[in-house]
Amino acid sequence: RWLLGRGPIAINELQEQTGLSYPTVAVRLDELGDIVERRSNRSVLLRNFPQKSWSELLITASRVRPSMAFEDATGRPPEFSYLLKRLARLRPDHVGISGVAGARHWQPSFDLDGMPRLDLVVHAPDGAADLDFITRLDPALSPTDKPYTAAIVVHVLPRPASLFTAESDSATVWADPVEILLDLHELRLVE
């Protein structure tokens, strides 16, 4: 919300989005300290970017956000524009585009020539990621244990709310900026 400039959020909405109890949300807000502005209507707002919490998330990201990598078994280089168009035709509403493609959506001035891989986020509130769309996206994709040379990396998002944003004029669904920043950090595109 802070990254998108969306303003305050009610504490009960935070509970719904995270799946956490009121006491847990209250403790987490207290841990953020004075960067949290509390409103009289039981809503909260971040005053600035929570750098300390962000650093802690980067350390634990691989545990809280499992990922699976896929490569093209034919050995041909991936055609990312084709994969993105195909994904839009498949319309899997539980999948959001992330990584470099997502960064370009949220920040059009994002300046990176080319795309190292396609990052996708699969919303799986029950923890079981539905990856059936991968074979329909490209039958040549197969799992790999090399995420840095993969064509596609799928990140599992287990929280109750995906926070995806769907474009009204197309079938494209975008992951939230925090997921995108996590992908950029994993790609070592920190600057």
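**View 1. Helices α3 and α7 cross in a right-handed sense.** The model shown here and in the other views is predicted. Helix α3 covers residues 51-64, and helix α7 covers residues 177-186. Their axes lie 11 Å apart and pack at an angle of about 65°. From α3, the contact takes in W54, L57, L58 and A61. From α7, V178, L181, L182 and H185 meet them. Sorted by class, this contact has seven nonpolar residues and one polar residue. Charged residues are absent from it.

**View 2. E179 is a buried residue of helix α7.** The relative accessibility of E179 is 4%. That value is under the 20% limit, so E179 counts as buried. Beyond its sequence neighbours up to four places away, E179 touches R65, S98, V121, L157 and R159.

**View 3. The largest nonpolar core holds 29 residues.** Those with the most contacts inside the core are L118, L120, F133 and I152. Several helices give two or more residues to this core: α4 (80-90), α5 (99-106), α6 (132-137) and α7. Strands that do so are β5 (95-97), β6 (118-123), β8 (152-157) and β10 (173-174). Strand β6 supplies the largest share, four residues.

View 4. Neighbours within four places in sequence are left aside here. The contacts of F133 then include L87, L90, P92 and H94. V95, L120, V122 and V154 are also in contact with F133.

**View 5. Another core, of eight residues, lies apart from the largest one.** Among its members are I9, L14, L29 and I35. Two of these residues, L14 and L29, return in the next view, where L14 belongs to α1 and L29 to α2.

**View 6. Helices α1 and α2 pack at an angle of about 105°.** Helix α1 spans residues 11-18, and helix α2 spans residues 22-32. Their axes are 10 Å apart. The angle falls between 65 and 115 degrees, so α1 is roughly perpendicular to α2. On the α1 side, I11, L14, Q15 and T18 make the contact. On the α2 side, Y22, V25 and L29 meet them. By class, five residues are nonpolar and two are polar, with no charged residues.

**View 7. R42 lies in the loop between β2 (36-38) and β3 (43-46).** R42 has a relative accessible area of 53%. This is over the 50% limit, so R42 counts as exposed. R42 and I11 are 31 residues apart in sequence, yet 6.2 Å apart in space, C-alpha to C-alpha. With neighbours within four places in sequence left aside, R42 is in contact with I9, A10, I11 and Y22. I11 and Y22 also take part in the contact of α1 with α2.

**View 8. R91 and R188 each have a positive phi.** Most residues other than glycine have a negative phi. Phi of R91 is near 55°, and phi of R188 is about 65°. R91 is in the loop between α4 and β5. R188 is in the segment after α7. R91 counts as exposed, at 59% relative accessibility. R188 is exposed as well, with a relative accessible area of 64%.

Notes:
Residues numbered from 1 in each chain as written. Predicted model: local features only at pLDDT ≥ 70, side-chain atom pairs only at ≥ 80, totals over all residues. Heavy atoms only, no water. Axes fitted to C-alpha atoms, helices over the stretch in contact; angles between N-to-C directions. Left-handed = near helix turned anticlockwise from the far one by under 90°. Contact = heavy atoms within 4.5 Å. Nonpolar A, V, L, I, M, F, W, Y, C, P; charged D, E, K, R; others polar. Core = buried A, V, L, I, M, F, W, Y, C linked by side-chain atoms within 4.5 Å. Buried < 20%, exposed > 50% of the residue type's maximum accessible area, 1.4 Å probe, protein only. Parallel < 35°, antiparallel > 145°, perpendicular 65-115°, else oblique.
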